[in-house]
Amino acid sequence: MSEPQSLLSLKAALQAKRAPQYRRIVRWMWRLTYAGIFGVAALLIGINFMAIPSFRELEDPNSALASEVLASNGEVLGRYFIENRVPVAYEDLGPHLVNALVSTEDERYWEHCGVDAWAVLRVVGRTIILQDRSAGGGSTVTQQLAKMLYSSRDFEGMGKFEKVFVLAYRKLREWITAVKLEKSYTKEEIMAMYLNQVNFVNNTYGVRAASEVYFGVEPEKLKIEEAAALVGMLQNPSRYNPVRFPDKCMRRRMIVLYQMHKHGHLTEAQYDSLKVLPIDMSRFKQVTFTDDKAPYLCAELKKDVAAILNQPESRKPDGNKYDIYKDGLRIWTTIDPAYQQHAEAAMAEHMKKVQARFFTVWKGKDPWTYRSGDATPEEIQQRQESLLRVMREGDRYQALRPRYLGAAEDRVQEKYDFELRDIDIQRMLAEEKKAGEISKQVGKKWVTPEQAAAYRRIMSGPEWPEIKKQWSALQSAIMKQYQAKTKMKVFSWNNPRLEKDTFMSPYDSLKYSRMFLQTGILAVDPLSSEVKAWVGGVNFKYFQFDHVRSQRQVGSTFKPFVYATAISQQGISPCFQVYDQAVTIPARYQNFTNSVDWTPKDANGYYSNQLMTLKEALKNSVNSVSAFLMKQMGDTEPVRGLVNNMGIDSAARRPDGEYRIPKQPAICLGAADLTVFEMTGAYSTFANNGVYGKPYVIKKIEDKNGRVIYNALPEERVALPPNANYVLLDMLKYNVKGAPGINSLKSEVGGKTGTTNDYSDGWFMGVTPRLVVGTWVGGEDRWIRFLGIGDGQGAKMARPIFAGFIQRLEKDKNSGYDVNARFKRPPGDLGIEINCAAYRDSLPPTDEEFAPDIYNDEAPTDEGGSQSGAKPADGKTPGRKPDPERFGDED
């Protein structure tokens with residue numbers, strides 16, 4: 001039935017009335033459409049001109065360039081890491097890599113022009129709208145290359161909305177750059193460039209380095225399963241690291257193999273047989289600095305360079321951070337190649353002899369079970385646990401661990417938002433064995449309250465029984481692996497290659513390697529504060545831990561700081577005489593904070609009861625005289641203040657909260673753990689007229705174009721008055737006068753030995769007018785030590801290295817070492833007498849029969865009830881035992 005004419009007329013009138021409004025809406029829609037198109041075009045054009053690399057830049061992309069560590073003369077000491085990024089051309093990739101890459105990462109690679117429209121639509125539809133995280137990403141290989149070469153993913157300091165905007169902006173940049181790349185290069189060139197840029201972790205950059213490091217072959221010789229494993233790593237190299245996570249890598253490889261099968265590159269039979277193969281890491285070769293000329297230095301320098309590059313003033317002009325592995329930096333150091341070579345040669349010559357003697361001493365004994373002195377069962381147990389800790393840090397354990405604890409870790413992470421580590425499991429087991437252990441560790445600040453709360457939640461949860469079960473199974477499995485004998489190479493001094501082939505279990509090889517004594521040597525020019533040589537250990541290939549910056553107890557090498565404080569503040573002459581008898585600093589005496597009376601003994605356990613000058617006391621490391629000087633000061637702060645001025649931060653604290661330089665009188669005997677770096681810097685003060693200069697090794701850093709991005713600024717301050725400094729320097733010279741090895745040197749030399757409890761550490765701090773050398777020798781573990789002072793003193797372990805080093809420099813006419821340099825005496829009267837004959841003549845006559853005995857009136861008793869320093873049972877008063885070596889050390 002048709003509508004009435006009146007209704008039709010009404011509709012027509014309404015339409016005519018609304019027509020102008022419709023036309024306005026349509027016009028605005030077109031305007032908005034045009035504006036949107038124009039805005040997008042303007043945005044793209046703006047990005048293209050302002051933020052996208054030009055075609056010229058694309059022709060010379062910012063490929064990762066190795067950074068070089070340079071000696072003072074420009075000689076290359078090491079690189080980060082030029083041997084690890086060797087470019088490979090497309091024709092050298094091999095078909096397996098190409099097929100695996102295209103099948104998995106970019107199946108329409110050969111068709112698109114840099115941006116895959118279908119992949120973008122898939123991401124928008126499935127990933128963004130439907131929230132399907134399994135739908136995959138939309139980036140093509142070309143886009144990923146553009147991101148690596150010309151983009152950044154640094155969102156540090158950005159808010160949520162700013163991150164979204166910046167991400168969208170950078171994504172547009174990558175799209176346009178990808179299109180430009182496709183215009184500038186062939187598909188084959190882009191693929192090769194991409195695979196040359198990828199970081200495959202384990203210090204491995206580029207597919208050629210990855211092929212060689214992980215599988216020991218060049219890319220074109222990779223097997224199908226090996227190529228699939230490397231391509232699988234591209235999604236997340238750390239997560240699919242075949243060394244640490246072989247199971248995850250294997251699952252990811254299976255996906256790549258399936259994609260290859262799906263796209264016709266593998267038959268059904270090939271896929272079925274290859275997907276079950278284990279990841280073969282038998283040819284894996286860890287990349288190290290062993291080919292560098294100063295490997296310990298290069299390894300340590302990386303930390304310093306990273307800290308410098310993190311500073312705002314050391315960033316790129318665009319604000320991004322420099323990458324030490326990619327940006328071709330030139331790191332100029334103060335290292336003198338001649339000094340470095342002679343230091344290493346002197347070290348090797350002496351350490352070979354020391355190690356031979358060490359093995360002789362320990363023949364038929366096991367340091368991990370050997371009990372001597374006051375060693376407790378708890379200490380023996382700690383030694384055993386230390387071996388287990390080292391085992392857990394090894395590659396075998398790290399490869400095995402995910403198989404047993406991977407699933408439990410994931411559940412704990414998901415449920416408790418807590419990353420489960422070995423130390424966490426051990427703490428919880430200790431708590432289960434003995435309640436209160438976690439609270440005790442919280443009290444010692446080894447565990448935070450938040451960690452303790454997480455431990456208790458996990459232990460009360462259903463996952464804990466399974467964690468314990470898997471932990472126990474893991475320990476059994478790793479011990480089984482470590483007990484099986486196999487062929488291997490181990491370090492040896494008795495071979496020109498410094499290694500030998502042998503057949504032993506990994507457990508025995510671990511103990512064997514821990515039995516080697518280590519060393520830390522630093523040589524500093526005291527006038528410029530430049531580090532001239534850095535030796536962090538005996539062999540970097542087998543022992544990567546650096547001992548120049550590791551903390552060890554310093555023993556009697558600390559005593560010169562005590563003497564220097566007394567001489568500086570009280571003007572005491574080195575000829576001043578003191579009795580070698582017991583000195584007690586009572587609890588809370590004056591400003592001391594010791595809670596009990598403190599009476600140190602000499603190294604031989606008793607005292608000579610004889611008068612001796614301060615210079616003789618320092619030469620022989622007489623503990624009672626150091627305690628006497630400390631008691632005279634009435635406080636530890638004068639000494640702590642002096643060492644602070646000499647570069648040893650007295651306000652610094654240990655992990656347990658205690659001061660590294662304790663506020664206890666025992667510091668006068670060297671009861672502090674310090675580094676060779678700190679001690680060498682402090683001793684440089686003595687050779688520099690009392691002025692401390694902070695040692696530095698990085699002189700400047702340049703970018704690949706020669707632009708200086710960092711310049712070292714030497715730090716100096718006066719630590720000691722010149723007269724007091726010269727007096728102490730004269731005492732250091734007296735210390736080594738006539739000492740073996742040093743008595744044949746032409747240089748003017750001073751120094752101090754140091755030996756710690758149980759002979760765990762042997763030190764020698766040597767000073768010359770142009771070079772100060774700090775040397776430490778000891779085991780990685782403190783129970784790796786000699787059994788007597790005859791072998792274990794600093795005079796035997798460390799001083800010969802110094803003597804051999806200086807002797808080599810003196811003989812090398814091209815080294816630049818000034819053998820004729822002499823210490824300069826400050827002008828005028830010192831105000832402190834250093835000539836002991838003149839000092840004695842200046843003293844008023846005394847009647848020695850009635851000389852006051854300031855010690856025996858309150859001689860304390862030891863635990864056995866006898867008086868310290870009292871006569872032995874035969875009624876005779878003993879003199880000091882003769883030194884094992886005339887110029888030895890009795891600490």
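Predicted model: local features only at pLDDT ≥ 70, side-chain atom pairs only at ≥ 80, totals over all residues.
Reader: What about the nonpolar patch on the surface: which residues form it?

Author: A patch is a group of neighbouring side chains read together. Here the members are Val26, Trp30, Tyr34 and Ile37, and together they have about 460 Å² of accessible area.

Reader: Why does Ile37 count as exposed?

Author: You compare its relative accessibility with a cut-off, and exposed means over 50%. Ile37 reaches 56%, so it counts as exposed. You'll find Ile37 in helix α1, which covers residues 5–50.

Reader: Let's take one pair, then. Do β13 and β14 run parallel or antiparallel, and how many bridges join them?

Author: For a pair, look at direction, then at the bridges. Strand β13 (residues 698–702) and strand β14 (residues 708–711) are antiparallel, joined by 3 bridges. As an example, Lys700 has Asn711 in β14 as its bridge partner.

Reader: What sits between the strands of that hairpin?

Author: There are 5 residues between β13 and β14, and in this hairpin Gly706 has a positive phi near 90°.

Reader: Last one: how do I read contacts along the sequence?

Author: Ask how far apart the partners are in sequence. Among contacts between residues at least 6 apart, 72% join residues at least 24 apart.

Key. Residues numbered from 1 in each chain as written. Heavy atoms only, no water. Contact = heavy atoms within 4.5 Å. Pairing = 2+ DSSP bridges. Helix = DSSP H or I, 4+ residues; strand = E, 2+ residues; numbered from the N terminus. Patch = residues over 30% accessible without salt bridge, like charges linked within 9 Å, V, L, I, M, F, W, Y side chains within 5 Å. Areas by Shrake-Rupley, 256 points an atom, 1.4 Å probe, with all protein chains shown as cover. Salt bridge = Lys/Arg side-chain N within 4 Å of Asp/Glu carboxyl O. Buried < 20%, exposed > 50% of the residue type's maximum accessible area, 1.4 Å probe, protein only.
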